[in-house]
Amino acid sequence: LDFRNSIDHFMRRKDDVVSFGGEDQKHEVSDLPGLTDKWFSCVQCHLKRVSLQFHLETSNGFGVQLANFFFEKAMFLEELYIDDGNHKMCKHMNRKFGGRITNPLQPSPDYKVTSMDKKLVALRLALRCCHNLKTVAADLSELCAFEYRGGAPPPSFRWCKHSPFQVLSCMLDFCGCETTDPRTLVKLRDFFHLFASATDLKLKSARLGAGVSHGVFSRTPALPIFATLRELELTGILNNDDTAAVATVTRILERIPSLEILSLFFLPEPREERDQYRHCSNEDIFNEHWLKYDRYAPLVVPVGMEIPCLRKRTKEINFVHYQGALAQRRLARFLLCNAPVVGEVCCEFAKGPLTMQTQLMEEIRGWVLNKSANMMFF
């Protein structure tokens with residue numbers, strides 16, 4: 001629950017304010033009461049096409065709220081058509097959706113505009129809970145977004161070799177324990193090569209970095225060069241005694257020369273289940289937290305390393321559910337001390353005493369090289 005709260009705080013760290021009509025008219029893009037908080041199986045599991053047409057005498061935020069509802073909830077959405085007259089709603093919604101919705105007459109790389117009805121087609125493939133899937137055969141020539149949630153090794157893919165395979169948005173979630181089998185890691189490495197054209201990548205695994213520190217990833221063919229990747233999210237557990245975290249993240253970042261945004265989501269370490277018959281006072285439950293902080297622990301990390309993206313391109317670094325464990329602090333210090341051009345740092349702490357959070361906050365402030373950077377702590 002604490003980890004989910006951390007993600008929610010991080011996602012809401014910036015106010016979603018969108019301009020409509022005149023420059024001075026501002027409206028917050030909020031949820032729709034009675035819709036956003038409910039489950040609609042037809043929307044979540046079946047809806048593929050949505051057409052919205054508005055006849056608005058004056059500009060308001062309802063159109064963006066409704067489009068946001070379908071965009072976030074319809075997991076199999078393929079087409080989203082919006083006609084709002086001349087209120088330029090699509091232009092303003094790009095601020096909320098990160099440029100993923102455009103006017104039908106202005107094609108975007110994420111969508112295909114059909115010549116007959118000029119609808120925006122989001123071509124996305126989602127494979128979830130595919131623990132026994134061996135092979136996927138499909139026409140992936142126009143695929144823009146891909147999501148995989150299942151075990152390792154992932155399935156093999158067969159597609160038309162004459163058509164380019166260029167996924168722009170990719171989410172990979174490997175379930176189960178970390179794998180150390182070299183044959184499985186080779187398949188995992190080859191799997192990464194399918195998504196070398198991605199602009200944003202979300203990688204979740206039991207251990208932060210999906211085992212990339214293994215020697216398999218240093219041999220030819222090594223990790224692909226993600227030349228167009230701009231945003232990277234890494235999610236996983238980083239144990240307190242993990243000594244390979246810096247090497248793992250370094251190996252990944254060295255293959256991403258143009259990375260602009262790096263986000264690390266630290267999953268909590270598994271805990272022993274509390275004996276249901278053991279009495280716990282309200283104070284014990286209240287004081288239970290995830291934070292760790294040892295001010296005397298050695299934090300020796302490589303400094304002055306030439307990682308191109310960190311030295312020249314990375315503008316934003318985020319730490320989510322930061323617990324202050326030794327390995328996390330080493331990794332945070334390494335990244336911040338080697339990122340001179342970073343302009344924004346955000347840290348969302350795990351639940352814990354305010355005094356301990358303050359100590360961790362001051363420590364992070366001291367590591368940031370650009371003292372004029374925008375720093376946010378939650």
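User: What makes strand 11 and strand 12 a pair?

Analyst: Happy to start there, with the note that this is a predicted model. Two strands pair if there are at least two bridges between them. Strand 11 and strand 12 have five bridges in the parallel sense, so they count as paired under that cut-off. Within this pair, Leu-172 stands opposite Leu-203 in strand 12.

User: How do you know that strand 9 and strand 11 are joined as well?

Analyst: Six bridges join strand 9 (residues 145–150) to strand 11 (residues 169–174), and the two run parallel. The cut-off is at least two bridges, so this is a pair. Ala-145 stands opposite Ser-169 in strand 11.

User: And what makes strand 13 and strand 14 partners?

Analyst: Strand 13 (residues 231–237) and strand 14 (residues 261–267) have seven bridges in the parallel sense, and pairing asks for at least two, so they are partners. Here Leu-232 stands opposite Leu-262 in strand 14.

User: Which strands form the open sheet, and in what order?

Analyst: Nine strands, in the order 7-9-11-12-13-14-15-16-17, with parallel pairing.

User: Why are strand 7 and strand 17 said to stand at the edges?

Analyst: Strand 7 (124–128) and strand 17 (374–377) each have a single partner strand, so one side of each is left without a neighbour in the sheet. Neighbouring strands of the sheet are turned by 5 degrees against each other on average, direction ignored.

User: Where does helix 9 lie relative to the strands?

Analyst: Helix 9 lies across strand 14, strand 15 (316–322) and strand 16 (344–349). Against strand 15, helix 9 runs at about 170 degrees.

User: What makes a group of residues here a nonpolar core, and which residues have the most contacts inside the largest one?

Analyst: Such a core is a set of buried nonpolar residues joined through side-chain atoms within 4.5 Å. The largest one has 75 residues, and those with the most contacts inside it are Phe-146, Leu-172, Leu-232, Leu-253, Phe-319, Tyr-322 and Leu-335. Helix 9 (residues 326–337) gives the most to this core, with eight residues. A second, separate core of eleven residues includes Val-50, Phe-54, Leu-66 and Ala-74.

User: Which residues is Leu-232 in contact with, leaving aside its neighbours within four places in sequence?

Analyst: Leu-232 is in contact with Leu-201, Ile-252, Leu-253, Ile-256, Leu-259, Ile-261, Leu-262 and Ser-263. Each of these has heavy atoms within 4.5 Å of Leu-232.

User: Why is helix 3 described as largely enclosed?

Analyst: Nine of its twelve residues are buried, so helix 3 is largely enclosed by the rest of the structure. Among the buried residues are Gly-63, Leu-66, Phe-69, Phe-70 and Phe-71.

User: How do you know whether the span of helix 3 is close to the expected one?

Analyst: Helix 3 (residues 62–73) reaches 16 Å from its first C-alpha to its last, close to the 16 Å expected at 1.5 Å a residue.

User: Is Val-216 buried or exposed?

Analyst: Val-216 has 1% relative accessibility. Buried means under 20%, so Val-216 counts as buried. Its place is in the loop between strand 12 (200–207) and strand 13. Val-216 touches Pro-182, Leu-185, Val-186 and Arg-189, not counting residues up to four places away in sequence.

User: Why is Val-341 called partly exposed?

Analyst: Val-341 has 28% relative accessibility. That value lies between the 20% and 50% cut-offs, so Val-341 is partly exposed. Val-341 lies in the loop between helix 9 and strand 16, and the C-alpha atoms of Val-341 and Lys-312, 29 residues apart along the chain, are separated by 6.4 Å.

User: What is the phi of His-321, and why is His-321 called buried?

Analyst: His-321 lies in strand 15 and has a positive phi of about 60 degrees although it is not a glycine. Its relative accessible area is 0%, under the 20% cut-off, so His-321 is buried.

Technical notes:
Residues numbered from 1 in each chain as written. Predicted model: local features only at pLDDT ≥ 70, side-chain atom pairs only at ≥ 80, totals over all residues. Heavy atoms only, no water. Helix = DSSP H or I, 4+ residues; strand = E, 2+ residues; numbered from the N terminus. Expected span 1.5 Å × (residues − 1). Buried < 20%, exposed > 50% of the residue type's maximum accessible area, 1.4 Å probe, protein only. Axes fitted to C-alpha atoms, helices over the stretch in contact; angles between N-to-C directions.
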